[in-house]
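Trainee: Can you walk me through this one? I would like to go chain by chain and then look at where the chains meet.

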Amino acid sequence: MSREQLQNLTEPMYYLLLAMRTPRHGYDAMQFIQSATGGRVRIGAGTMYALLSRFEKEKILTPAAEEGRRKIYRLTPKGEALLRGEMDRLRMLLADAERMEKEADEHES
Amino acid sequence: MKVEEKRVWLPYRMTEPEELAAYFEKMSAEGWQPVSAGRYTAKFRKSRPRTLRFCVDFTPASGEEALQRYTALCADAGWRFRLKARDGWLLFSSKKPDAAPLQTDPKLAARSFSRCFWGNFTDSFFLLLLWGGWSLLDLGINRREIVRYLSGWDTMLELCVVLLFALVALFLLGNAAGNLAGYVSARRAMKDGARLPEISQKAVRRRVRWRRALAWTAGILLAGALCYDIWAGNVRPAWEQWLSMGIGAAGIAGGFACKRRWLEGLARKFCWGAGALFLALGVLLSYPLYRMEPVSFGPDDPVITVEMLLPGAELHQDEREYGHTPLYERWEVYQSGSVPVSENLAEGETVSFLAYRAATEGIARRLAWEEAETFRSLLHGTAVELDWGIDEALWIGDFYLVLRDGEAVIAYTDFGEPEERRELLLETLAKIRRAP
């Protein structure tokens with residue numbers, strides 16, 4: 001995964017950042033994402049670990065506390081900005097799609 | 001309770017993770033749980049048959065702490081960590097048939113796989129280079145004397161080691177090519193999130209057969225060569241070495257005989273440790289022979305001629321074979337009775353007088369015997385007696401003579417501590433001159 005890819009987050013990345021608005025450890029985040037998406041998005045432990053390591057390295061997440069061998073992470077200001085940017089991008093995508101759909105409907109009628 | 005373990009050849013490579021996982025599932029169902037996995041083999045322990053789901057994972061959790069964190073996360077997700085293989089891949093098992101797979105992002109999975117693969121691929125390549133270089137040295141490309149001392153193959157055993165190097169190098173090359181081909185197709189499939197290509201059972205059986213054949217060939221070749229060398233007299237350890245290596249071998253054999261439960265396996269470890277120590281000691285006992293430190297003799301030193309050293313000696317130029325080493329030109333000093341007592345390993349007019357300073361009496365005895373045996377093999381049917389005894393062999397050095405105005409004079413010696421050697425050498429030469 002190249003550095004540039006972080007400009008557009010993948011689905012697991014996006015949901016992980018959403019989950020981490022509240023400090024959580026990896027498995028907690030996995031469960032949260034699965035229940036929040038009604039089981040549509042499942043992140044495997046290997047994928048979760050790789051994402052957490054990557055985000056920690058990129059200073060998008062930071063360790064907040066430790067519970068035994070579990071690390072609890074929270075979003076950094078950089079992570080929050082990244083998430084907000086992604087949400088804005090998705091809103092724009094949706095708005096564009098709705099506008100284009102409306103225009104197409106009007107054109108047809 | 002007796003713990004039953006076995007080590008088997010791994011039929012699959014790390015580039016075939018699905019087959020590898022299925023293999024562990026099959027072994028588990030047959031009552032064998034994995035204990036460890038090397039590059040080509042895996043160790044299993046007998047247990048009751050269990051239906052488990054296995055997963056081969058490539059997440060780069062390097063370092064003990066990272067691995068613990070990762071395995072804790074996997075344990076929360078229902079995957080129990082079983083082992084980290086020598087190749088870097090991790091093995092997990094789960095009792096839950098519906099546990100979420102460890103990797104859910106194909107691109108991330110492909111990236112981890114790539115990192116794991118290349119890390120090990122370069123390792124193997126480096127090893128291959130190292131072995132190739134050593135083999136070239138052993139094959140005698142560099143025939144300088146110091147290299148021959150360090151890597152020469154005067155015995156069948158050494159020659160067989162060279163042959164084995166070549167065999168292993170071929171095996172590694174073939175394995176690397178197979179791994180590379182497997183890597184290319186596996187990575188492509190992983191990136192696309194597609195199913196990995198299947199491996200034919202015939203190819204797998206052939207792979208295992210080759211590995212087994214190589215291991216047996218190596219064992220038979222080495223054991224055969226060692227027996228031949230002992231029979232032919234190429235390897236003649238001193239009795240101290242025989243004793244030390246015998247104790248070492250007995251210790252290692254005893255370690256295998258020890259039950260794992262005795263003192264929680266400590267008895268076995270102690271036997272193996274002591275065995276390895278004695279084996280190493282047996283080999284190291286001959287180490288002092290290979291110290292080479294030149295000593296110079298100046299113009300004020302007494303001129304000692306070959307005639308003075310060895311009355312009746314004659315100088316000859318000859319080409320001969322020494323043991324298994326190739327023919328080379330050398331100078332020899334012949335004493336009356338045609339016993340060669342020196343040879344030239346350098347160029348021109350320098351000749352060297354062969355004598356030794358041995359660190360122990362055992363080694364001195366061996367050297368004296370080897371020297372006599374060499375002369376006997378060179379001079380068939382001639383009775384050969386060495387002109388120095390054990391006492392002299394304990395300290396005599398290897399020194400060179402230079403032809404100066406038709407006479408051979410001492411130039412330098414190159415064994416032992418410089419100052420100590422010089423004194424001892426002069427003293428001994430005086431003794432030899434006094435000898436009838």
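Mentor: What follows covers the two chains in turn and then their contact.

Mentor: This is a predicted model, where local features need pLDDT of at least 70, side-chain atom pairs count only at pLDDT 80 or more, and totals for chains, interfaces and linings use all residues. Residues are numbered from 1 along each chain as its sequence is written, and chains are lettered from A and ligands numbered from 1 in the order in which they are written.

Trainee: Chain A then. How many helices and strands does the secondary structure of chain A come to?

Mentor: Chain A has 4 helices and 3 strands. Helices (H or I, at least four residues) and strands (E, at least two) are DSSP runs, numbered from the N terminus. Starting at that end, the order of elements in chain A is α-β-α-α-β-β-α.

Trainee: How much of chain A counts as buried?

Mentor: 28% of its 109 residues. A residue is buried if 20 or more other C-beta atoms lie within 10 Å of its own, exposed if 12 or fewer, and partly exposed in between, with C-beta atoms placed from the backbone.

Trainee: What order do the strands of the chain A sheet take?

Mentor: The order is β1-β3-β2 (chain A), an open sheet of 3 strands with antiparallel pairing. In chain A, β1 (24–25) and β2 (61–67) are at the edges with a single partner strand each, so one side of each has no neighbour in the sheet. Two strands pair if DSSP finds at least two bridges between them. β1(A) and β3 (residues 70–75) of chain A are joined by 2 bridges, and A:H25 sits opposite A:I72 in β3(A).

Trainee: And the helices? At what angle do α1 and α2 of chain A cross?

Mentor: At roughly 110°, with the axes of α1 (residues 11–19) and α2 (residues 26–36) of chain A coming within 9 Å. Axes are lines fitted to C-alpha atoms, for helices over the stretch in contact, and angles run from 0 to 180 degrees between N-to-C directions. α1(A) and α2(A) are therefore roughly perpendicular. Angles under 35 degrees count as roughly parallel, over 145 as roughly antiparallel, 65 to 115 as roughly perpendicular and the rest as oblique.

Trainee: Which residues meet there?

Mentor: A:Y15, A:L16 and A:A19 from α1(A) meet A:A29, A:F32 and A:I33 from α2(A). Two residues are in contact if their C-beta atoms, placed from the backbone, lie within 7 Å. The contact of α1(A) with α2(A) has 6 nonpolar, no polar and no charged residues. Ala, Val, Leu, Ile, Met, Phe, Trp, Tyr, Cys and Pro count as nonpolar, Asp, Glu, Lys and Arg as charged, and the others, Gly among them, as polar.

Trainee: Switching to chain B. What does chain B have in helices and strands?

Mentor: Chain B has 12 helices and 13 strands. Of its 436 residues, 26% are buried. Among contacts in chain B between residues at least 6 apart in sequence, 64% join residues at least 24 apart.

Trainee: Where does β4 of chain B sit in its sheet?

Mentor: The sheet is open, with 3 strands in the order β4-β6-β5 (chain B) and antiparallel pairing. β4 (53–57) and β5 (80–84) of chain B are the edges, each with a single partner strand, so one side of each lacks a neighbour in the sheet. Neighbouring strands of this sheet are turned by 25° against each other on average, direction ignored.

Trainee: Why is β4(B) called largely enclosed?

Mentor: Because 4 of the 5 residues of β4(B) are buried. Helix α1 (residues 17–29) of chain B lies across β4 and β6 of chain B, at about 145° to β4(B).

Trainee: Now the interface. How many residues does each chain bring to the contact?

Mentor: Chain B brings 21 residues and chain A 18 residues. On the chain B side, α2 (64–76) and α3 (106–138) of chain B are the elements that give two or more residues. The largest share, 7 residues, comes from α2(B). That side of chain B has 10 nonpolar, 5 polar and 6 charged residues.

Trainee: What does α2(B) cross in chain A?

Mentor: Helix α3 (residues 45–57) of chain A, with axes within 9 Å and a crossing of roughly 140°. α3(A) and α2(B) are therefore oblique to each other. The contact is made by A:A45, A:M48 and A:Y49 of α3(A) with B:Y70, B:L73 and B:C74 of α2(B). Those residues divide into 6 nonpolar, no polar and no charged.
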